[in-house]
Amino acid sequence: MDVKKGPDLHHHGDAEVAPGLVDLAVNVRHQPMPGWLAGPITTAMSELAAYPEETRATRATAAKHGRSPEEVLLTAGAAQAFVLIAQTLKPRKAVVVHPQFTEPEAALLNAGHEVHRVLLREEDGFRLDPALVPEDADLVVIGNPTNPTSVLHPAGDIAKLIRPGRTVVVDEAFADTTFDRESLAGDSAGGLIVLRSLTKTWGLAGLRIGYALAEPELITTLARARPLWAVSTPALAAAEACASPAAVAAEKEIATAMAQERDHLVAGLRGVPTVTVAGVPASAFVALRVPDAAEVRLELRRRGYAVRRGDTFPGLGADWLRVAVRDTATTDAFLATLNDVLKERQ
């Protein structure tokens, strides 16, 4: 479908949060920063008189994914990478697969591109059907696992989108929550750009650090539009630390615990009358359909819980909310409140 007037693409979960509310709206992990990460960041704060030097962080990131440094571009969060793609590529037909994170489409529109939407269907579990993407699309953007549905698409289905003359952008901001299953981060296919973020699992949203993985020619193209010294010295220290063996091991432990916490949340939600969980959740958040979601969200807010509205995601609508995975005690308290709210509305 063509994009005309529609959802507010610039609305994000942080807008839902306020002092005193339990934050279920933002998909950033809240646990304390481990010492192996906090130490390098703290040390980097004493080196701010020098301009950032990204060689070590680039090499470490490349090694983590089995790629060459020429295939890595560090960015101020994945959001900057979306802007670089929109500024440097000249697609004739740009397609964004929804529901998904809205910033890629916003960046394309802000750069003056016309955007076409492919809407995945709830009845299909919001799973990708490669045949839905128009043959003449020369830029395709998709998330995996997808925010907000938490659906993990098979890598083989995404690979079917890759072809000569087309750029495929895969937003893997939450791939570490799925043990990198179905990831294309190690795939150097021509025209493929994989974006990763370090802000979610490690609680670094305020530091802004992410990266793009692609063939050297594409990395060079994106780098030309990147501002000088775009990534700060503390963020580079974080990138290097997050590529270490300690980080990789910690990612797996966190993903294992999160899977258990997510299963607990999903089971609880499926036991709530009138609530429908989207697809098969695989990441750090869950999308749910509930009647009168806007009023339910406001009532939850009055009772101390911030959840993400779903109507700003193309392909969802007014009856959708997104809830972050938290510890089981927080989840149980939230589920009890949600049950109370829905019972009182009957």
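Reader: In what order do the strands of the seven-strand open sheet lie?

Author: A general point comes first: strands of a sheet pair through backbone hydrogen bonds, either parallel or antiparallel. In this predicted model, the open sheet of seven strands has the order S2-S8-S7-S6-S5-S3-S4, and its pairing is mixed.

Reader: Which strands are the edge strands of that sheet?

Author: An edge strand pairs on one side only; here these are S2 (72-75) and S4 (115-119). From one strand to the next, the twist averages 20 degrees.

Reader: In which sense do S3 and S4 pair, parallel or antiparallel?

Author: Strand S3, residues 94-98, pairs with S4 in the parallel sense, over five bridges. As a place to look, histidine 98 stands opposite leucine 119 in S4.

Reader: What is the strand order in the open sheet of five strands?

Author: The order is S1-S11-S12-S10-S9, and the pairing is mixed. The edge strands, each pairing on one side only, are S1 (22-24) and S9 (276-277).

Reader: How many bridges join S1 to S11?

Author: Three bridges join them, and S1 and S11 (residues 305-309) run parallel.

Reader: Which strands does helix H9 touch?

Author: Helix H9, residues 293-302, packs on the sheet and touches S11 and S12 (320-324). The direction of H9 makes about 155 degrees with that of S11.

Reader: At what angle to S11 does helix H10 run?

Author: Helix H10 (residues 328-344) runs at about 80 degrees to S11, and lies across S1, S11 and S12.

Key:
Residues numbered from 1 in each chain as written. Predicted model: local features only at pLDDT ≥ 70, side-chain atom pairs only at ≥ 80, totals over all residues. Heavy atoms only, no water. Pairing = 2+ DSSP bridges. Helix = DSSP H or I, 4+ residues; strand = E, 2+ residues; numbered from the N terminus. Contact = heavy atoms within 4.5 Å. Axes fitted to C-alpha atoms, helices over the stretch in contact; angles between N-to-C directions.
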